[in-house]
Structure formats: C-alpha cells, structure tokens
Amino acid sequence: MSANALSQHYAEQVQHLQQSLPGSLPDWLAGRRDGAARRFADAGFPDPRMEEWKYTNVRPIATKPFGEAPVDTGVSAADVSALGFQGLDAYRMVFVNGRLRTDLSDLNGLPDGATVQGLGDAISHDPAPLEPILGTLAHDRFSSFTALNMAFMNDGALVRLARNVRLDRPVHLLMIGTAGNAASWSHPRILIHAGEGAEATVIEHYADIAGAQGFTNTVTELRAEAGAQVRHYLLQDHADGAYHVGSVFIQQRRDSRVISHNVNLGGRLVRHDLNVDLTEPGAEIVLDGLFLAGGRQHVDTHTRVHHSSPNTTSRERYRGIGQGHGRGVFKGRVLVERGAQKTDAQQHSANLLLSPNAEIDTKPELEIYADDVKCAHGATVGQLDTTSLYYLRSRGIGEQEAREMLVFAFADEVLERMDLPPVRESIEARLAARLPGGQAFETGA
Amino acid sequence: MSTQPHDVEQLIKREYKYGFSTDIDQEILPPGLNEDVIRAISAKKGEPEFMLNWRLEAYRHWLTMKEPSWAHVHYPKIDYQAVSYYAAPKSKEDAPKSLDEVDPKLLETYEKLGIPLHERARLAGVAVDAVFDSVSVTTTFKEKLGEAGVIFCSFSEAVHNHPELVQKYLGTVVPAGDNYFAALNAAVFSDGSFVYIPKGVRCPMELSTYFRINAMDTGQFERTLIIAEEGSHVSYLEGCTAPQRDRNQLHAAVVELIALDDAEIKYSTVQNWYPGDEEGKGGIYNFVTKRGECRGRNSKISWTQVEAGSAITWKYPSCILLGDNSVGEFYSVAVGNNMQQIDSGTKMIHVGKNTHSTIISKGISAGRANNAYRGLVKVTGGADGARNYTQCDSLLLGDRCGAHTYPYIEVKNPSAQVEHEATTSKIGDDQIFYLKQRGISEEDAVNMIVNGFCKEVFGELPMEFAVEAQALLAVSLEGAVG
C-alpha cells in the first residue's frame, strides 16, 4: 500500500476508534489517547536512519494496513493448557487477540489488597486509580509504537498490590494470537504496581495458535515502590509469521528489587525495549535475557538502565544465538547520571553465531557522568568452544550431539536462573525444539 | 618524573606551553570558500589539471552534504565562509633550497616546540617534515632517505615530482566524498606529507611530521598519504601544536595509509593542539579522517595515538583488512580536561580471511570534559577466522566529567571471534594512600597511576615519543587533582 493510502487508512482507524470508545472515558485518559494518536500521526513508523532503529527495519509492519483483530471464540481450555505451562500453579488471565477471556481465566483465591483485573474492565468501571500510572512511565515520545499502543489499546491487565501484600502464586498473563490474517493487530497494555514492601511474580507470555501472523504491540508499565520485590517474566513464543514489538518501562524506588527474565524464541520480526529507571538509593535491577534468531527471524532487544540515584545496582546478562538466516540484535545502554555515586553496573552480552547466513549485531553502551562508580561491560560473538567440544568427543559423544549439548548449555545458563521450575522446563523444551539438530550445526562448523 | 611538591593553585593557572604565536610575514587568502578559492589554492601550488578537477569535484559534493551530528560533542555552528583556507609563510614564495634559507623566525618557532630540525635531528635519528599553517616548510634527511629509495616529502612536492603515484593512490582509501570533513579537506587541502616506501625496503629511520597552526582565523587542512610497497616497513609519527587564541580554529585533516603484501605501517600521533582555556574558550576543532587499508596479504597497519589537546576531537583511525592474514591495531590514550570534548575510537573492518585486530583504548576524563570511545568492529561474511579483541578502559578524575563507551559490533561470519571489554573507574583512595604513605605527593601519585593505566599504549610509541607523551599527559592533567 502506498504511503498516502496508508496514512489515510490510519486516519480512518483513529476516527473509527474515537467513535467506538465508551462515552464514559475520563478526560485525562481521552486526552492522553488523543495526544498519542496525534503523535503517531506526526512521527509515523521509525526508519533505520534513526540510531535506535539502525539494525531493525520495520517496513514489513509499516507497509501493512493493520486493523483490529477479529473476535475469536474458538480458543478452548485445551488450547490454553497446550500453550501454557504444565504444572504451574498460578493466577491466570487469558487473552485472545488482545481481548480478555474471563471464561478461560482463573483468579480465585487472591489475597486481600491484591487487584488482578482486566484493564478494559478497570477503565470502564473504576478508571480513577489508573491515572497516576497508565501512560506515566511509558511516554508517547519514547517511540511511535508506544504512542500507537496508547492510542489504540483497549484491554490488558492490571496487577496492583497494596502495601506489604505478597502474592502466594505467580500471575500468568497468557496472550494468545489466532489471527491468520497478517493485517490484524492488538495493543495489550500491562500495568504492574507493587506497593511498599509488596512481592509478586508476573509472567507476561505471548504464544500463538499455529499459523497466526498478527502484529502484537505491547506496553508494560511496572512501578516498584520502596522495598517491593517483583519478578517479571517476559516470554515471547509467537508463531513464526508473527510480528511483535514490546516496550517495557520499569521504575524503581528505594531498596526495591526487580528481576526481569526476557526470553525470545518465536516471531518473524521482534523488537523489545526494556527501560529501567532506578530513581532512589538501594534500588536493584537484574536483567536476564535470551534470544534465538533462526530461520528468517529478526530479533532485536534494546535495554536502557538509567542510574539516576546514588547506590543503585544493575546486573545484566543477555545471550543470543544466530542460526539459519536469522539476525539477532542487542543494544544495552547504561546511563549513570551526575551525582549517582556508588553505582554498581555490570552488563554482558554473549552471542553464538552458528550459520554463515546469520548475523549478530551487539552494542553495549556506557554513558557515565559520575566518578565513584564501578561499571563494566563486555560483549562477545563467537562459536562453540573447541576445547569443550573436544572434551565431549573424547568421551565418546558424537559430534552433532556434542554441539547440540553445548548450544543448549549456552542458552540454558540464562534459563537456569528462573525460579519457577514448570516455566523453566517448558521453555527449555521449546528452546530445544527450536535448535534444529541437523543443518544449523553442520554449517556452523 | 619530578617529586617536588606542587602548588595546586599555581598548576591550575599554568598556561598551555605551546601557546606562543610567531610574528612572520604570511600570505593569507581572504576568508571565504568558493570555486575561485579552490582554483587559487591549486594555482598557488602549480598543480596539474587532475588535482584541480579532483578538488572541484570534492567541493561540489561537499555542498550537497550535511555536517554530521551523531557524535557526543557540542559546538556552535561553524561558519565555513569565515575561515581562511590558505596561509603560508611569505618566504615560501622563493622556496628555500636548504635549511639555511628558511626564515630564522620559523626555525626559532620549531626550536621552541622542541622539534629538532638541525643537528639535533641527526641525534634523534628522525627525519622531520614540518608543516607551518598550510605549507610544508622543510623536510630533513632527504638525501639519506633517497639512498634507500624512500620518498618522504611534502604533498605539494609529491604532486610535482611523483604525479603518477599521487594520481594512483590519492583518495583510494578515503574517497573525496567520504564524509563532510574529508570532502572539505579534499577541496581545500594545502599541504601535508607524502611517503613512499619501495618494495622490500625497511625505512632506515623514523619519519615524522610536525604540524603547527600559527595564523589566526585560518583552518589547517593537511593530507597525508603513505604507501608501503610489498615487504616494506615504515614507522611514522606526527605531532601538532597551535598558538593560544580565544577563537576556535578548524583542523580537518585526512590521512590515507596503504599497505601492500607483507608490508607494515606504524602510525603514531601525539596530538597537542591548543585545547582552549578552562572555560572552554578558544581551542582547535580537530575533525580528522584517518584510514588505512591492508590491501596485501600478511600486511599490518598499527595506529597509536595520544590525544591530549584540541577543544573537540572527532577522529576514528580505522583499518580495512582486505588482505588475508592482515592485522589491524589501534592503541589510544585520550585525555580530556576542563571543557574538552573527545569522541574518538576506531573501525576495524574484517574482509580478508584470518584477519586479526586489536583495540586498546584508554580514556581519561577530568574537569568538565566528556570523553567518548566510539568504535566499530565489523566482520563481513567472507572473513573466515576473523579475530578481534577490544579493551576500553575509562578513568574519571572528578565528579563533573563524563566517560562514555559506544562500541558497535557487527558479525556475519560464524567462524569469527569477537570480544569486547570495558571498565570505568576512578583512582582508588587506597592506591593514593599507598603512594602517599611512601612519601610521594598526591599529584605525583596520580601521575604515576595514570601512567600505569596508559602503559600498554605508551609501550607502542617509539621510545623518544613515549617519554614526551608521558610528560604531555602530566601537563594535561595538571590541576585536575586536589
């Protein structure tokens, strides 16, 4: 579709959206949506001439006339259990093409002081408490995709914990895509607000019915108040034809601790932005990540850790595997503000390149304006260690099997740090299935 | 290293040692840039047609280009029409045949700078080409080099005496339209050095060029071209200074290195342009394009730089590793104090098989300076067995400066091995305590630690210059501690 026809299409979409919104939308929200729609209309989709999009061309997304995904009632409990995690005891919310399906969800037994609710529901019934969080961490200015989400989001999840409330079980947000039509999009928004001293684990999980090829554009806003502890799993296991852009914004107050597990296995074109702001002393972030780019996949992860206060800590460990014709991109930025003394930041990006047609681009960045800090980063791109291979071979293990073991072990080092065995085991199995025993390893030799 | 106690206050106020200017008769073109200016420069140098055409083409391309803005540096917009593009000592009009004919004032200037043009040159065993503003003043040791077949002369002389070599190699590594500043240089460059090492020759001495900006409101645009034929070897050093002025001056140089089969070029820079005062007033904008091409098998290009001066430094000495088994190296110490801004690093482009590159970068920031390492390691699809090791360390002295690292790593070959490591730290109180406890003053303790931090890079410099570089570092950082 030509650029003109496309902008006409989006103008119509925005108009259509405004007509379809509930009349009761509060002013503040209507204002934010409106501003976002205008910002998107002005900025359009990013292009590779922009430094932040240097390695990722979103043309495949930008040239399609997307519209809202159709309502799909076909997804069954059997699909949910097939896509979910065997043996995981969790509060569960299931979304199909971005819309909450209460019939497939299970939120029984939530403790007092814990709110886990569909965002569409919260907006129509009780929007006031959303005002201080919805759209306050994720600025429209951040990227066109963030603005797009704000303009078009109509559902998602709200997880809110009052002071000192500890969730006994994780919250599993299972987002299922079914749209075989490549021009369907959805814009889920996830809000997580952990009050002082609260503790929770939230699993944001994207999985598709085979053959789905929609575009999922998510925004997650996570605020951890003083002393709160949050584990955030971001698991992307879309079907191979799907497009995914995910933007995560984390804001941490005094002595809070957030652990992020970000695993990317599926999708055709995937981009993640994880933005962390450590605003008060004692805040600590752990960013663990794994991405696999095989077939014709393009998987891009950008992380930004902003140490804006003294005595803050960050630990970042990302691993990537490029195989087939895949392209993996990692860019990690650590910014230490003037005055953020005693910052302790470590960042590491390790990558395996297994095929002559694959590509890995990595760019670990440090930007430091304080002197009394400990900051280090490292990046490697390479192949399997020949010594380890030799060791295994000398014990009678076949070459191919030895290679598979080593690749798996490389990736598993990230997964090992997950604290939910059912999730870890399931992801390990899905990972192993995506490491094709044969051709990728042979050509990687 | 002196162990005398220093008065910190006095040190802070200490002035740039090379800030004098020399009052000699100069011929300066009026400020402004257009095709006539370029024709005038070309005519003054009596250049052949191909040079003039090359310049004009570069100029026309430059007009279509935009000044780059991606670097981590800030400066007011440069008015390219307010710069004079040619300044030459008058006496050049009747070109000096030997050192005796060179204006004694000029010789005095170089004496002050510590450049041994005369007898001391022989002792130092270094052949020097001195460039004063826009033109090359003199080249020492010409005969001795001639015996070995080495051509070492000013660029202008090369255009006259060896036009075939110039035409064959000029712009083949850094094309005229490569980037904004390189295009500007191609259009207006006035002189520079030319080195040609014939097949199998090991250059008998270190070659050196000394650049000095003297005139006010002029830009210096020199161009250096070094060609190392099969199996040859050369070590080349450049140094630079400028007088103290409260207006910014532009220096946009281009350096091209070509190493053929089994050849080796070692290129060292000690850059000490005037950095401006402590409020950031004045100083040189050092926007330089340096690139070497390892064209032949087993060839090697090694860049070593000590960047101490300039208000703004924007330079990325790079290696394109085309030949199989070729090697690229980059060793850098970049020191920023007061309001200095540095955005420097390297590019290693691996194209040939089994190509290796090493990057060692040491950045030191003090005062309110910002010091960024920006580098690219690119392994193309055919570069089987490529190997890179990068180490970038930053040292922060004070809480108002900044240290940044922007490494780009792009790998398309599964047999490549690329490693990048970076650290940022300050000098530990325990280290200072340890040295002070042994009777060493704080200032000297810091100097020692900084020198230790830079040791790997200084070790790559020719010996005489390593000593100079250490002293320069101490001067640059004076007042940064205490």
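Helices (H or I, at least four residues) and strands (E, at least two) are runs assigned by DSSP, and they are numbered from the N terminus. Helix α2(A) is followed by A:Gly44, whose phi is positive, near 65°. This is a predicted model, in which local features need pLDDT of at least 70 and side-chain atom pairs count only at pLDDT 80 or more, while totals for chains, interfaces and linings use all residues. Residues are numbered from 1 along each chain as its sequence is written, and chains are lettered from A and ligands numbered from 1 in the order in which they are written.

We begin with confidence. The pLDDT is the predictor's confidence in each residue, from 0 to 100. Chain A has a mean pLDDT of 91, and 95% of its residues reach 70 or more. Within chain A, confidence is highest in strand β13 (residues 257-264), at a mean of 98, and lowest in helix α10 (residues 439-444), at 33. Over residues 438-445 of chain A the pLDDT is below 50, and this stretch has 15 contacts in the model beyond near neighbours in sequence, a contact being two residues whose C-beta atoms, placed from the backbone, lie within 7 Å. Where pLDDT is low, the predicted coordinates should not be read in detail.

Helix α2(A) covers residues 27-43, and its 17 residues, at 1.5 Å a residue, should span 24 Å, which agrees with the 24 Å between its end C-alpha atoms; the expected span is 1.5 Å times one less than the number of residues. To describe its sides we need a word for burial: a residue is buried if 20 or more other C-beta atoms lie within 10 Å of its own, exposed if 12 or fewer, and partly exposed in between, with C-beta atoms placed from the backbone. In α2(A), the residues A:Arg33, A:Ala36, A:Ala37 and A:Phe40 are buried. They cover an arc of only 100° around the axis, which puts them on the same side of α2(A), where the arc is that of the directions from the helix axis to the C-beta atoms. On the other side of α2(A), A:Asp27, A:Gly31 and A:Asp42 are exposed. An α-helix has 3.6 residues a turn, so residues three or four places apart point the same way.

Helix α9(A), residues 421-434, can be read in a similar manner. Its 14 residues should span 20 Å at 1.5 Å a residue, and its end C-alpha atoms are 20 Å apart, which agrees. The residues A:Val423, A:Ile427 and A:Leu431 of α9(A) are buried, and they cover an arc of only 65° around the axis, which puts them on the same side of the helix. On the other side of α9(A), A:Pro421, A:Ala429 and A:Ala433 are exposed. What covers the buried residues of α9(A) includes β9 (199-208), β11 (229-237), β13, β15 (284-293) and α8 (399-415) of chain A.

A strand gives another picture of burial. Ten of the ten residues of strand β12(A), residues 243-252, are buried, so this strand is largely enclosed by the rest of the structure. Both faces of β12(A) are covered, with A:Tyr243 and A:Val245 among the buried residues on one side and A:His244 and A:Gly246 among those on the other. In a regular strand the side chains alternate between the two faces of the sheet. Two strands pair if DSSP finds at least two bridges between them, and ten bridges join β10(A), residues 215-224, to β12(A), the two running parallel. In this pairing A:Ala224 stands opposite A:Gln252. β12(A) also pairs in the parallel sense over ten bridges with β14(A), residues 269-278, where A:His244 stands opposite A:Val270.

Finally, consider chain B and its meeting with chain A. Chain B has twelve helices and 24 strands, and buried residues make up 56% of its 482 residues. The contact between the chains takes 32 residues from chain A and 31 residues from chain B. On the side of chain A that touches chain B, β20(A) gives the most, with ten residues. Six bridges join β20(A) to strand β23(B), residues 402-411, and these strands run antiparallel; A:Glu367, for example, has B:His404 as its bridge partner. Nine of the ten residues of β23(B) are buried, so this strand is largely enclosed by the rest of the structure.
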